[in-house]
Amino acid sequence: MTKYAAFLRGINISGKNKISMPELKQAFEEAGFTEVITYLNSGNVVFEAESAKEVLRTKVEQLIFQRFSLNIPVYVIEITCLQKILAAAPEWWGTDDKAQYDNLIFILSDDSPQDICSMIGDPSQELEKIQIHGNIIFWTFDRKLYQKCNWWKKTAASGIAEKLTIRTAGTVKKLCK
């Protein structure tokens, strides 16, 4: 069995796409996944499965549609891969600096991280930083001045937002334990 994390995009935000985490856990277990754990109310699921990652994304998306009648994009990653990504984090990312907000951007579309960076544009100087690692993007921005950050505005913009799912450093680190 391989341990995976599934990140469901856009659930339980402002009363939209509501999914109960206990019901989501039960749905995963009924689908044959084991050691299922949900974290927070934002669609983070850790589970074990024998299937390949490529098959799991489709299986989880179908499961969510059948059980909750929602078309929710899902990003699936092996926990060991996620741990390697965290080990390769830039020194400025994931620190205890409370003035910074650290995220990982996972790409749901067929776009490359370079494509996403081109769509969004340069990070705002002195307010945010990005670094590509494989198929994800490390992103940090100033908590107090977030509204002035180019990436903060654009990652939520139509045409880009649906291509991504974003998780905080704290969430990703917790899932890897």
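Modeller: A pocket here is an open set of grid points with protein on both sides within 12 Å along at least five of seven lines. The model is a predicted one, and its largest pocket has a volume of about 650 Å³.

Biologist: Which residues of the lining are closest to the centre of the largest pocket?

Modeller: Lining residues have an atom within 4 Å of a point. Of the 23 residues that line the largest pocket, I13, N103, T165, I166 and R167 are the closest to its centre. The largest share of this lining, five residues, comes from β8.

Biologist: How does the lining of the largest pocket divide into nonpolar, polar and charged residues?

Modeller: The lining has 12 nonpolar, eight polar and three charged residues. For the second largest pocket the lining divides into four nonpolar, two polar and five charged. Here Asp, Glu, Lys and Arg count as charged, and the residues lining this second pocket include K53, E54, R57, D110 and D111.

Biologist: What makes β5 and β7 paired strands?

Modeller: Two strands pair if there are at least two bridges between them. Strands β5 (residues 100-107) and β7 (residues 136-142) have seven bridges, in the antiparallel sense, so by that cut-off they pair.

Biologist: Why are β6 and β8 said to stand at the edges?

Modeller: The open sheet has four strands in the order β6-β7-β5-β8. β6 (128-133) and β8 (164-168) each have a single partner strand, so one side of each lacks a neighbour in the sheet.

How values were computed
Residues numbered from 1 in each chain as written. Predicted model: local features only at pLDDT ≥ 70, side-chain atom pairs only at ≥ 80, totals over all residues. Heavy atoms only, no water. Helix = DSSP H or I, 4+ residues; strand = E, 2+ residues; numbered from the N terminus. 1 Å grid on protein atoms, 1.4 Å probe; cavity = no way out; pocket = protein on both sides within 12 Å on 5 of 7 lines; lining within 4 Å. Points joined across faces, edges and corners; volume = space filled by probe spheres on them.
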